[in-house]
Amino acid sequence: MKKRLMLLAVSAALAITVMILTTDSTLAQNPPRRIEVTASKFSFAPAEIALKKGEPVVLVVHSADAAHGLRFRELNLEVKVDKGSKSEMRFTPDKTGDFVGHCSVFCGSGHGGMALTLHVTE
Amino acid sequence: MRCALLAVSAAALLGLLGLLALRGCKATPPGKLEKSVVVAAKHRVFIGNRRQKNPLSATPETIADGKEAFSHYCIACHGMDGQNTGVPFADRMSPPIASLASEDVQRYTDGQLKWVIDNGIWPSGMPGSEGTLSDEEIWSIVVFLRHLPPAGSQGEPEMYTH
C-alpha cells in the first residue's frame, strides 16, 4: 500500500513538472513582437522605438522608394532592403541603452541623416 | 580704425581682381609659392578639429566600411584608391586634386580629415559631406584614408571606363 502511495506521489510530481515545462515552452514560443518600419528618402518612420531587454523582436523594414539599409554597428545588426520591397531584422536585445542605426545603402544627398534610435530598457 | 580696415579690404579686392585679370578664370596650376602658403595656412589655421579622436579603431571591418563609404561618390574625384587613378581631370583642376596618400594630406590629424570631409574645402571644389554621409561613415572613411591600397591596385572608377 505504501509502495502504491509512493508511486502515485512520484507520478503526480512528474505530471506537475511536465505541465510546468510545457507551459514555459509555450510561453517561449510566443511570437516575437513585430514592428513595421518604413524607410524613405531621407528618414525612418518611426524614428524611435522603445524595446525591452530580452524581448524578441522583428523589425520589418519596408522601402517606400529607393534601396535602403538599416545598420546598428554597436549591436552588430544589419539588414538591406531593395526598392519597394521589405526585409526583416530579428533579434533579442541583450543590453540596455540607446542604439542609433543608420541607413547603410547610399541613397542620396540626405542619406547621412537617416537614423533610427532603439531605446532598450530593463 | 574702420577706415583702415576698409582700405585693406579694398586693396585686397583690387589685388584679387588684378590677379584675375592677369590669369583670367583659367584653371591653371598654382605656383610653388602659392601652393606652399595655402598648404601651410590650411594645416595651421583654416582646417579645424585638430584634437578630435576617431571613435572607430582600425580593424579590417572598419577599413572595409570606409572603403565602401568612400565608393559612394568620393571615387569620382579621388579614384578607387584615393590616389586619383583613372580620374581624367585630376591634374587639370586648380588646385589639382591631391593624392590622399600624399604627405600633405596624411599630415592632417584624424579630426582634421573629418573636418575636411564634413565641410569641404573652398575653393578647391571639395564638397562638404555632412548630412550626405553619416558621422559613422565619415569616420570609417578616415580609417580607410590611413590604410589606402597601393596606387592603381583597385582599377578605375566604372564611370570612366565606358
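## Close-up views of a predicted two-chain model

The mean pLDDT of chain A is 88, and 77% of the residues of chain A reach 70 or more; pLDDT is the predictor's confidence in each residue, from 0 to 100. This is a predicted model: local features need pLDDT of at least 70, side-chain atom pairs count only at pLDDT 80 or more, and totals for chains, interfaces and linings use all residues. Residues are numbered from 1 along each chain as its sequence is written, while chains are lettered from A and ligands numbered from 1 in the order in which they are written.

**View 1. Chain A, from helix to strands.** Let us start with the overall make-up of this chain. Chain A has 1 helix and 9 strands, and along the sequence they follow the pattern α-β-β-β-β-β-β-β-β-β. Helices (H or I, at least four residues) and strands (E, at least two) are DSSP runs, numbered from the N terminus. Chain A holds 122 residues, and 24% of them count as buried. A residue is buried if 20 or more other C-beta atoms lie within 10 Å of its own, exposed if 12 or fewer, and partly exposed in between, with C-beta atoms placed from the backbone. Among contacts in chain A between residues at least 6 apart in sequence, 65% join residues at least 24 apart. Two residues are in contact if their C-beta atoms, placed from the backbone, lie within 7 Å.

**View 2. A stretch of chain A to read with care.** Over residues 21-27 of chain A, pLDDT stays under 50, and the model has 0 contacts beyond four places in sequence for these residues. Where pLDDT is low, the predicted coordinates should not be read in detail.

**View 3. Strand E1 of chain A and its two partners.** Which sense, parallel or antiparallel, does the pairing of E1(A) with E2(A) take? Strand E1 (residues 33-40) and strand E2 (residues 43-45) of chain A run antiparallel, with 3 bridges. Two strands pair if DSSP finds at least two bridges between them. Thr38(A) stands opposite Ala45(A) in E2(A), and a hairpin of 2 residues joins E1(A) to E2(A). With strand E4 (residues 57-63) of chain A, E1(A) pairs in the parallel sense over 7 bridges. Here Arg34(A) has Val58(A) of E4(A) as its bridge partner.

**View 4. Chain B, a chain of helices.** Chain B has 7 helices and 0 strands, so its pattern along the sequence reads α-α-α-α-α-α-α. Of its 162 residues, 26% count as buried. Among contacts in chain B between residues at least 6 apart in sequence, 72% join residues at least 24 apart.

**View 5. The largest nonpolar core.** A nonpolar core is a set of buried Ala, Val, Leu, Ile, Met, Phe, Trp, Tyr and Cys residues joined through C-beta atoms within 7 Å. The largest one has 19 residues, and those with the most contacts inside it are Phe70(B), Ile138(B), Ile141(B), Val142(B) and Leu145(B). Helix H3 (60-73), helix H6 (110-119) and helix H7 (135-145) of chain B each supply at least two residues of this core. The largest share, 7 residues, comes from H7(B). A second, separate core of 15 residues includes Ala39(A), Leu59(A), Val81(A) and Cys107(A).

**View 6. Helix H7 of chain B under cover.** How many of the 11 residues of H7(B) are buried? The count is 10, so this helix is mostly covered. Among the buried residues of H7(B) are Glu136(B), Trp139(B) and Phe144(B). Their cover includes strand E8 (97-102) of chain A together with H3 and H6 of chain B. Leaving aside neighbours within four places in sequence, Ile138(B) is in contact with Lys114(B), Ile117(B), Asp118(B), Ser129(B) and Leu133(B).

**View 7. Where the two chains touch.** The contact takes 8 residues from chain A and 7 residues from chain B. On the chain B side, these residues divide into 1 nonpolar, 4 polar and 2 charged. Here Ala, Val, Leu, Ile, Met, Phe, Trp, Tyr, Cys and Pro count as nonpolar, Asp, Glu, Lys and Arg as charged, and the others, Gly among them, as polar.

**View 8. Two loop residues of chain B.** Arg51(B) sits in the loop between helix H2 (32-46) and H3 of chain B. Arg51(B) is exposed because 9 other C-beta atoms lie within 10 Å. Pro96(B) lies in the loop between helix H4 (75-78) and helix H5 (103-106) of chain B. Pro96(B) is partly exposed, with 16 other C-beta atoms within 10 Å. Not counting residues up to four places away in sequence, Pro96(B) touches Pro29(B), Ala90(B) and Asp91(B).
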